[in-house]
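Me: I would like to go through some of the labels attached to this model and ask, for each, what value and what cut-off stand behind it.

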Amino acid sequence: MSKAMKKTVSAWALAGASALAIATGAIAADRPADLAPLGDPPIPADNPQTPEKIELGKMLFFDPRLSGNGAMPCSACHLPDAGWDFPDKISLGYPGTVHWRNSQTIVNSAYYGNLFWAGSSKSLEAQARSAAKGAVAGNGEDDMLEARLAFVPEYRERFKDVFGTEYPRLGHAWMAIAAFERTLVQTDTPFDNYMRGDDAALDEAQKRGLELFTGKAGCSQCHNGALLTNQKYYNLGVPPYDGWETDEIAQITFRYELYAKGSTEEMYRTFKDDPGAYFRAKDKNHLGKFRVPSLRYTKYTAPYMHNGMIETLEDVVEFYNQGGGENEFAKTKSELIKPLGLNDDEKADLVAFLESLTGERIVMEEPELPEYDVLPAASN
């Protein structure tokens, strides 16, 4: 491994460890040492939370003006009633395209060290910008988006109140959206309450599932800490997205992403599957690897995996029980993925435990959005 690659891998690991250390809450003495309840989310020093900023971010999250065609808000791909993600294998794409990866929930995303399946954004602020400007997502342009905000009197007032600027600045919009997203956390699941000492928070099946999770099934090798992820990158052998074989637009999107992210000509012509974290450092050892997702709030976020190719939690458990799957990146498949030998009762207990990592649905009504109006005349 080169010095540059070692530095990259080390940075990924440190980012994950830092986020998890901040997130850990108080833990009862007799609970599994590699798991923890979730504490308060980390708040960056350069973007402190205020009620006014959070409210502005909520409005912007639901406002379609922050997209190329003025019809694709953040909430188009992160629907509150659908787990704050998109309820299909692949996320909604910008009109005329489709997306190429599964939309992840933003619930508890405040705790991640890096965002997106391949860890390409290092903060919620950067993630908001990338999503709003991504060619198969929001497809927005900075000057156009900023001008739209300027033509909304209420936004001019709110941005001035929160950030002190005469007119809205797009960088501040991403900060406000990130502040709102940091309020979408869930720290009171049955699992959290059990880890804090409430023995009755989990039923007997869930307790057996927890024992399997940290023991025979080996789940906590990667799904550990307070966020239930080590935030590292693995190839599990998830089969490729089947839409690339049947949907012409999906195939075009896939080829576009390969080209845009800097694949070689050979990769562009021959690959049939998502190279994943390869694009972070152009290292073939990372082909087909994706960040371990948190298992929190997953009860409401089906389908699963980076391409939505696994439909239910029961299917996820069976996938691991069979030793993962097969894709064209067999050389990088993790050695941790082996047949588990779970029987039907054990698989049911494991699913029961996974469901304990989710509490009540987090839902909210969409805010009423302000109207456009003419810009005020410049004073002499």
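Me: What covers the buried residues of α5?

Reply: The cover includes α2 (51-61), α4 (142-150) and α6 (170-181), where helices are DSSP runs (H or I, at least four residues) numbered from the N terminus. This is a predicted model, in which local features need pLDDT of at least 70, side-chain atom pairs count only at pLDDT 80 or more, and totals for chains, interfaces and linings use all residues. Side-chain values use heavy atoms, with hydrogens and water left out, and residues are numbered from 1 along each chain as its sequence is written.

Me: How do you know that the buried residues of α5 are on the same side?

Reply: In α5 (residues 153-163), the buried residues are Tyr155, Arg156, Phe159 and Phe163. They cover an arc of only 105° around the axis, and therefore lie on the same side of α5; the arc is that of the directions from the helix axis to the C-beta atoms. Glu157, Lys160 and Asp161, on the other side of α5, are exposed.

Me: Why is Glu346 called buried?

Reply: Buried means under 20% relative accessible area, exposed over 50%, and partly exposed in between (1.4 Å probe, protein chains only). Glu346 has a relative accessible area of 18%, so the residue counts as buried.

Me: What is Glu346 in contact with, leaving aside its neighbours within four places in sequence?

Reply: Glu346, found in helix α14 (residues 344-355), is then in contact (heavy atoms within 4.5 Å) with Leu212, Lys216 and Gly341.

Me: What makes Thr229 count as buried?

Reply: Thr229, in the loop between α8 (204-214) and β1 (233-234), has 0% relative accessibility and therefore counts as buried.

Note on methods: Helix = DSSP H or I, 4+ residues; strand = E, 2+ residues; numbered from the N terminus.
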